[in-house]
Amino acid sequence: MFLKLQDMEIRPIRFDVAYSPGEIEFEAKLRQGGPLQVSGVAELLGATEEIRIQGQYQVMLEADCDRCLDLASFRVAERFDLFYRPDLETSPGEEFEIDRGEVEIAFYEGDGLELADVVREQVLLALPMQRLCREGCKGICPGCGANRNAKECGCTVTAGNDRWAALRGMKL
Ligand SMILES: [Zn+2]
Ligand SMILES: [Zn+2]
């Protein structure tokens, strides 16, 4: 759904959209497990031509478990309140870098904003650090490669190795 500047000049745009899996491209290893629901309102803030977009979204996402590569499915749901300034300074084709520390300052070009792009960015910012198939996933045995959630492979891991594994886990 395109949020058009001309429409917002007349009145705020209310949106309530469901994006089916595949409509929005996330990361290569991230899939949508169901529709992405997003609703809210986009409005133009007076003479500054700043666009404010408020709303909320929720989506089930699927990825490979970080530890065992099984299916990890998790819900991401957030509220957002975003401001976009017209990009007047940069001429077409001119690239400039936005400091990652200033993510709250965003720009739009031309006659509006694509809602799908806005939501995509919000979802990527909200992703959990760890994607696990279940809480306390036991991962894959370094000895024999068995998925330790499914069976006890019986490999003997010495106490020394265990300590190192724990330390490695803490660094992550
Ligand atoms: Zn797992
Ligand atoms: Zn094993």
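Which spacing do the donors of the zinc ion (ligand 2) follow along the chain? They follow C-x2-C-x8-C-x1-C, and point 2 takes up the site itself.

1. Ground rules first. This is a predicted model, in which local features need pLDDT of at least 70 and side-chain atom pairs count only at pLDDT 80 or more, whereas totals for chains, interfaces and linings use all residues. Residues are numbered from 1 along each chain as its sequence is written, chains are lettered from A and ligands numbered from 1 in the order in which they are written, and side-chain values use heavy atoms, with hydrogens and water left out.

2. The zinc ion (ligand 2). Cys141, Cys144, Cys153 and Cys155 coordinate this ion through their SG atoms, at 2.2 to 2.4 Å. Donors here are N, O and S atoms within 2.8 Å of the metal (3.2 Å for Na, K and Ca); water is not among the atoms, so sites may look incomplete. The four donor atoms subtend angles of 107 to 114 degrees, which makes the arrangement tetrahedral (four donors with all angles between 85 and 135 degrees). For reference, the ideal angle for four tetrahedral donors is 109.5 degrees.

3. Cover at that site. Cys141 is buried, with a relative accessible area of 3%, whereas Cys155 is partly exposed at 35%. Buried means under 20% relative accessible area, exposed over 50%, and partly exposed in between (1.4 Å probe, protein chains only).

4. The zinc ion (ligand 1). Its protein donors are the SG atoms of Cys65, Cys68, Cys133 and Cys137, lying 2.2 to 2.3 Å from the ion. This site is tetrahedral too, with angles of 105 to 116 degrees among the four donor atoms. The spacing of these donors along the chain is C-x2-C-x64-C-x3-C. Cys68 is buried, at 6% relative accessible area.

5. A backbone point to check by eye. Leu69 has a positive phi of about 70 degrees although it is not a glycine. Most residues other than glycine have a negative phi. Leu69 lies in the loop between E5 and E6, and counts as exposed at 58% relative accessibility.

6. Overall fold. The chain has three helices and eight strands, running β-α-β-β-β-β-β-β-β-α-α from the N terminus on. Helices (H or I, at least four residues) and strands (E, at least two) are DSSP runs, numbered from the N terminus. Buried residues make up 32% of the 172 residues.

7. The cores. A nonpolar core is a set of buried Ala, Val, Leu, Ile, Met, Phe, Trp, Tyr and Cys residues joined through side-chain atoms within 4.5 Å. In the largest, of 34 residues, Leu36, Val38, Ile51, Ile53, Leu61 and Tyr84 touch the most other members. E5 gives the most to this core, with six residues.

8. A link across the sequence. Lys29 is in the loop between strand E2 (13-19) and strand E3 (31-32) and is exposed, at 62% relative accessibility. Leaving aside residues up to four places away in sequence, Lys29 touches Glu62, Ala63 and Asp64 (contact means heavy atoms within 4.5 Å). The C-alpha atoms of Lys29 and Ala63 are separated by 6.0 Å, with the two residues 34 apart along the chain.

Methods
Tetrahedral: all angles 85-135°; square planar, octahedral: opposite > 155°, others 65-115°.
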